[in-house]
Amino acid sequence: MSTIRDAVERVPRPTVFVLFGATGDLAKRMVLPAFATLAAEGLLPKEWVLIGNGRGDIPHEDFRDHVHKALSEFGPRPKKRWWRDFEPRLLFAGGGFGADDPGSLLDVIEQARSRTGDDPQLVHYLAVPPVAFGGLTEALGRHGLVDDARVVYEKPFGTSPQTFRTLNRTVRRVLDESQVYRIDHFLGKEATQDLHVLRFANEVFSAMWDRDHIESVQIDVPETLGVDDRAGFYDATGSVLDMLVTHLFQVAAEVAMETPASLGAADLQAAREKVIRSFRPLDPAEVVLGQFAGYREVPGVAPRSKTDTFVAARLWIDNPRWRGVPFLLRTGKRMADSQQRVSVVLRTPLCPFPGLPKQTNLLSFSLSGTGEIDLRLLAKQPGVGLRVEPATARLPLSQLPDAEPLPPYVRLIHDVLLGDRSLFTRPDGLSAVWKVAQPLLDHPPRLATYAQGSWGPARARALPAPQRWLLGDR
């Protein structure tokens, strides 16, 4: 049965959804379109209200105009009949929100509760810079907004080991862990979820998922986009914090985790966090950092910025299944192509075929869009001779029977409404992630400049040696 049909059978409770940073770029591009998609697909409860929160004190009507413009640009386009039901449920609470001054939020929440009936659940979504997480969490506790509530934290959850520990202490003081949803939208991608489904549901892959059969794993997320739309945030963050210690580490854990006791939220999270604790701390000598030429001329970027826009790293996992297998991670801005790909490279047989081409037996997952699985293998070329040629079998996930894939933010926000924490991170795993990253943060290698439209700094090409990156560098 399809994802949407499954979800319709589990309708969430009446909900008051409070969106902090409601007029910011993340809300406009991701959160509001995801929430509107849930409404359009009939996946919201019958009774709901969305409250936008911000420093400005704007009328509800102006906020509704802002949402309409965001959906017109990023979708789903607001059709008249659908918008007539959606629009009145949008409210705005201005004056900011802090421990000393809640602005108008408390009054607007009471107004929303009167619309949704008795006992709606509160969902607070923090679409704000990480530096604001701690203060907002304290304020939620101070003003009595955490009872029967769920709180969604965008990534990164902390920007260093120290800020992670401080934020985690604050969150634990105010909230129970069951209320906390640390979002990493790469875990909500259809193909990311299919990584463990394909492995655990198919013995042909489960039997070869170890160091005896797998030579290396590549997790490669190059981007052609720059940072123009969020230069201020990015210049304070960089590729290591924005991508490596969040998305790429979490995807590596999805590939590498042991078989969970069940597919329930607690067991999936436990399996993911356990393998992260086996990640070896990064050796800065096995990391390449880069900055694309012209980055410092982008408006909003410091003139002498040393922020990395590219990172490539060799990660090792010190457990019996993966010892000696390199996990090669790479991401960067203004590169030659935009892809999101996980490639599990199988070892090349030694006999009876001499001289087989390397890196031609592999299982590859495209995480972009609705996802795709490729199996590349060697086959005999038809004819009188015995000539071996590479061939690829491709499975677009959207073409499975009755497939109705949900975009990552749509899926994850819906899981929050239902209370399903399977695809969210836990503090023990994040604590381990920061330990893995600590040597790199303490002793970052010298930045290398790379040309826009390239595959990054030249010295990153040596990381997969004696093999090569599967994307580019041919």
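Helices (H or I, at least four residues) and strands (E, at least two) are DSSP runs, numbered from the N terminus. The model is a predicted one, in which local features need pLDDT of at least 70 and side-chain atom pairs count only at pLDDT 80 or more, while totals for chains, interfaces and linings use all residues. Residues are numbered from 1 along each chain as its sequence is written, and side-chain values use heavy atoms, with hydrogens and water left out.

**View 1. His247 in helix α11.** His247 lies in helix α11, which covers residues 238-256, and the unreviewed UniProt entry places the feature "active site" at this residue; such positions are given in the numbering used here, feature names are shortened, and annotations may be inferred rather than shown by experiment. His247 counts as buried because its relative accessibility is 1%, where buried means under 20% relative accessible area, exposed over 50%, and partly exposed in between (1.4 Å probe, protein chains only).

**View 2. The contacts of His247.** Leaving aside residues up to four places away in sequence, His247 touches Lys155, Asp184, His185, Phe186 and Asp242, a contact being heavy atoms within 4.5 Å.

**View 3. The open sheet of 9 strands.** The strand order is β14-β13-β12-β11-β7-β10-β9-β8-β15, with mixed pairing, where two strands pair if DSSP finds at least two bridges between them. At the edges stand β14 (388-396) and β15 (448-450), each with a single partner strand, so one side of each has no neighbour in the sheet.

**View 4. Strands β11 and β12.** Strand β11 (residues 341-346) pairs with strand β12 (residues 362-366) in the antiparallel sense over 5 bridges, and Arg341 stands opposite Ser366 in β12.
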